Amino acid sequence: MEGKFFRLVRQKMIWVIGIVLVAALLGFSIYGIYRARQQEGIVILAPEEFSVEAETENLTLATVHWLDGFLEQYQQPYLSSLRTLEEWYISDIEELENGQYLAVLCEFTATPQRAGGEIFQDWGMQNGGEISCQWVLWFERTQLSDGRFRYDMTLKETLASYELGKYQGSGQQAQDEYNQQFIDEIPYEQTEYTYKIEDEVCSVSLDGGKTWTELPISLEALCTVGDGNSYYNQLQEGSYLITPEKTAFVYGGTWERGLSILYSDDGGESWQDVLIDGSMDSVRVKFVSFPTPETGYVVATGGRTMSQEGQMIYRTTDGGATWEQTGRGPETWLLQSAGFVSEDVGFLCYPEVEGSHNFYRTEDGGKTFTPVKIPPAGEWADAFVIPQCPAWEEGKLVMLVGQGENGDLMGGTGMARYTSEDLGLSWTFEGLYEPPSYEPG
């Protein structure tokens, strides 16, 4: 009799627990539907769409008011954790000299609730769970009928972009210097696979300059960068590849055009223009490599803050038709060069920074990286500190390591030559190397 009683009690407890679990699941489902509907109604304005009203004519105070109001959008109830800011603090606001225009440099640090949200990728330099931002904001100030002021933000740009614009408008002498450095034509190098920029057109040659094929893209689109100086008389080293099997030019990474690639598999007879990542709009440098005709990589940097930036790694397995992000760079220093020598093995090179590695290797397509130690260059151990991305030469990898800014060995142009026969796991110093002097075309 007693056993029957306990069985009845146990059965009732099971029923009660079951009802509670069903009720809990139903409650979570209802809350999830309610939260999703609430999120659909959330509106976050872009910087150029966000305005504030203030009682002050002081631009610095108004900027603090604007920035706090803009960032508070990312603390709205029911907002996804990937779009939510935990907190932020403003470290400096500097009014910039622009005559009648209102421009300020804002330096602030924002902390997202969850790392990895794409919405914050182009805000600045991501360091751990924080984002260090440097924004130049242009305002239009209008006095209202009640005596207050409305501040409309008309443009947000990087500090590098602002400084370049200021430099370009600083007088005829500066303009002449700018033209000489960035616009005036430079003779092409007479190598078998080469390019030239002539009459504001970029052309490519696979026969040492005997015949040329014009690229189906404007010079402005090809050369304009999202961060830094745009050279219209030469291409960034490493941003292009010219071979009979694959000819490719990486461009874009600006407000006008996301990171893109123009490539040909038939020596320039036909071209494909593909968008790699439309969200990349502040690219400083980019590097392309195709270890095989089908497998290729693009490494692009963005979000520069002073001497640091982030790097994104993209991979294609169908010759360039589609791309996916496979990883990020292992350091935040300014990237010097990058490239892949096989379908999975690649290298990223950084400047010499005390206490930090500057030469990294990946063997899983950029998902993870391991620092590689470069042995001393004989009696010149301290002279060579800037590695360049390795390349294949006669069945083995060859890497050149340059000198620092104050290097004077062989006129400052001499380099150390290293070789590897195990895909870059270890390196052997072979001797000094003097880069060739190409005859201009």
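First, the ground rules. Numbering starts from 1 along each chain as its sequence is written, and side-chain values use heavy atoms, with hydrogens and water left out. As the model is predicted, local features need pLDDT of at least 70 and side-chain atom pairs count only at pLDDT 80 or more, while totals for chains, interfaces and linings use all residues.

I begin with the cores. A nonpolar core is a set of buried Ala, Val, Leu, Ile, Met, Phe, Trp, Tyr and Cys residues joined through side-chain atoms within 4.5 Å. Buried means under 20% relative accessible area, exposed over 50%, and partly exposed in between, with a 1.4 Å probe and protein chains only. The largest such core here has 31 residues, and Trp66, Trp123 and Phe139 have the most contacts inside it. At least two residues each come from strand E1 (51-54), helix H2 (59-72) and strands E2 (85-96), E3 (102-112), E5 (130-143) and E6 (149-157). Helices (H or I, at least four residues) and strands (E, at least two) are DSSP runs, numbered from the N terminus. H2 gives the largest share of this core, six residues. There is also a second, separate core of 17 residues, with Ile217, Cys223, Ile242 and Leu262 among them.

Next, the rings. Rings of Phe, Tyr and Trp (its six-membered ring) pair if their centres lie within 6.5 Å; planes under 30 degrees apart are stacked, over 60 edge-to-face, and the rest tilted. How many aromatic pairs does this rule give? The count is 26. In one of them, tyrosine 74 and tryptophan 123 have ring centres 5.3 Å apart and planes at 85°, so they are edge-to-face. Tyrosine 74 is in the loop between H2 and E2, and tryptophan 123 is in the loop between E3 and strand E4 (125-127), 49 residues apart. Tryptophan 123 also pairs edge-to-face with phenylalanine 120, centres 4.9 Å apart and planes at 85°. Is tryptophan 123 buried or exposed? Tryptophan 123 is buried, at 8% relative accessible area, and phenylalanine 120 is buried at 1%.

Last, a polar residue. Aspartate 152 is in strand E6 and counts as buried, because its relative accessibility is 18%. Its side chain makes a polar contact of 2.4 Å with the side chain of serine 51. A polar contact is a pair of N or O atoms within 3.5 Å; within protein, one must be able to donate a hydrogen and the other to accept it, and residues adjacent in sequence count only if both atoms are side-chain atoms.
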